[in-house]
Amino acid sequence: MTTTNTVVLAGASGFIGTYLRDRFERDGWTVRTIGRRPAKNAAESANWNDDGAITRVLDGADLLVNLAGRSVNCRYNARNRAAILGSRVSTTEALGRALARCQAPPSAWLNASTGTIYRHAADRPQTESDGELGTGFSVDVARAWEGALEAAPTPGVRKIALRIAIVLGPDGGALRPFAVLARLGLGGHMGSGRQKFSWIHVADVYRCILFLHSRADISGPVNVASPDVVDNRELMQLVRRAYGARLGIPTPAWLLRLGAVLIRTDTELVLKSRWVQPQKLLEAGFSFRHPELGRALLAIAKGTP
């Protein structure tokens, strides 16, 4: 008799969540969901405003993966800051309350966090053991997010904060604006070009989740990032190569700040130096399917997984 594993995906409507759901289903998992909108199959889904339904969906599942959180691709005004923070902390707290009421809770709770929790780092990589947390709004959000996870009263449930780097993939993710700029001939380096770029292919996000689920000896924060970190100059050079763009006009920091106002986003997304090293994953023997950025970008540009 074949036993089917069950995963609960919370906040799975975005690029990463859509990919994960498809992969889990293709690999034979039963997928239950928690989100803002009711799903077609009410028995396998729950809404964030129904604690009882959340408990029902979680009870008896093998794994919980929470990705819930409002997009950070916006201007950081007071209203957006409150929405970004609240969407992460309130959903994590709701999951903690529901898990505490489960008769048979999942053995592992993998909760999204962000590699942006570390400081602006251009001097050395930031690992789980010696990384230095930064300051500012994004770091405050990440601290509160992980704090809600840690504070949740869930005995017997192993908890992992996924400090995810910038996620790339063929059907969306953070690569799209870089690709558009390259095609327009504006794919030169941004700002000084020396800021580090930590990244991971969405396929490896899925593989990391499966790996961490299988490793009962791993808990706490885990850096979910490729070990192949490049600076912005090399990033844009590789993007231009992948998309066949010869010309790449650099964009100075002042112009980026002006453009960010016009398109209602924040320059931190491209100017902060993110140097995230996946120490726990590497020491545990995890093998990346897409370890090199150049090859990953070529595959993404061709639309291959």
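**Helix α2 against helix α3**

I listed the contact first: Asp51, Gly52, Ile54, Thr55 and Leu58 of α2 meet Ala94, Leu95, Arg97, Ala98, Leu99 and Arg101 of α3. Contact here means heavy atoms within 4.5 Å. By class, these contact residues are six nonpolar, two polar and three charged. Nonpolar covers Ala, Val, Leu, Ile, Met, Phe, Trp, Tyr, Cys and Pro, charged covers Asp, Glu, Lys and Arg, and the others, Gly among them, are polar.

I noted the basis of the entries: this is a predicted model, in which local features need pLDDT of at least 70 and side-chain atom pairs count only at pLDDT 80 or more, while totals for chains, interfaces and linings use all residues. Residues are numbered from 1 along each chain as its sequence is written, and side-chain values use heavy atoms, with hydrogens and water left out.

I then took the geometry. Helix α2 (residues 51–58) and helix α3 (residues 78–101) pack at an angle of about 60°, and their axes are 8 Å apart. That makes α2 oblique to α3. Angles under 35 degrees count as roughly parallel, over 145 as roughly antiparallel, 65 to 115 as roughly perpendicular and the rest as oblique. The axes are lines fitted to C-alpha atoms, for helices over the stretch in contact, and the angles run from 0 to 180 degrees between N-to-C directions. Helices (H or I, at least four residues) and strands (E, at least two) are DSSP runs numbered from the N terminus. The crossing of α2 past α3 is right-handed, meaning that the near helix is turned clockwise from the far one by less than a right angle, with anticlockwise giving left-handed.

**Helix α1 against helix α6**

I looked at this pair next. The axes of α1 and α6 come within 10 Å and cross at roughly 60°, and the two helices are therefore oblique to each other. Their crossing is right-handed. From α1, Phe15, Ile16, Tyr19, Leu20, Arg23 and Phe24 meet Val202, Ala203, Val205, Tyr206, Ile209 and Leu210 of α6. I sorted the contact of α1 with α6 by class and found eleven nonpolar, no polar and one charged residues.

**Helix α7 against helix α11**

Helix α7 (residues 232–242) and helix α11 (residues 293–302) pack at about 35°, with axes 9 Å apart. I noted a right-handed crossing for α7 and α11. Leu235, Leu238, Val239, Arg241 and Ala242 of α7 make the contact with Leu293, Gly294, Arg295, Leu297, Leu298 and Ala301 of α11. The classes in the contact of α7 with α11 are eight nonpolar, one polar and two charged.

**Cores**

Which residues touch the most other members of the largest nonpolar core? I found Leu20, Phe24, Leu63, Val65, Leu110, Ile209 and Leu212, in a core of 36 residues. Elements that each supply at least two residues of this core include β1 (6–10), α1 (15–26), β4 (63–66) and α6 (202–214). The largest share of this core, eight residues, comes from α6. Apart from it lies another core, of 22 residues, among them Val8, Ala46, Leu58 and Ala68. A nonpolar core is a set of buried Ala, Val, Leu, Ile, Met, Phe, Trp, Tyr and Cys residues joined through side-chain atoms within 4.5 Å. Buried means under 20% relative accessible area, exposed over 50% and partly exposed in between (1.4 Å probe, protein chains only).

I also checked Leu20 by itself. Leaving aside neighbours within four places in sequence, Leu20 is in contact with Leu9, Val65, Leu67, Tyr206 and Ile209.

**Single residues**

Is Asn66 buried or exposed? Asn66 is buried, at a relative accessible area of 0%, and lies in strand β4. Beyond four places in sequence, the contacts of Asn66 include Ala10, Trp48, Thr91 and Asn111.

Arg21 sits in helix α1 and is partly exposed at 34% relative accessibility. Not counting residues up to four places away in sequence, Arg21 touches Leu9, Val31 and Thr33.

Ile166 is in strand β7 (residues 166–169) and is buried, with a relative accessible area of 16%.
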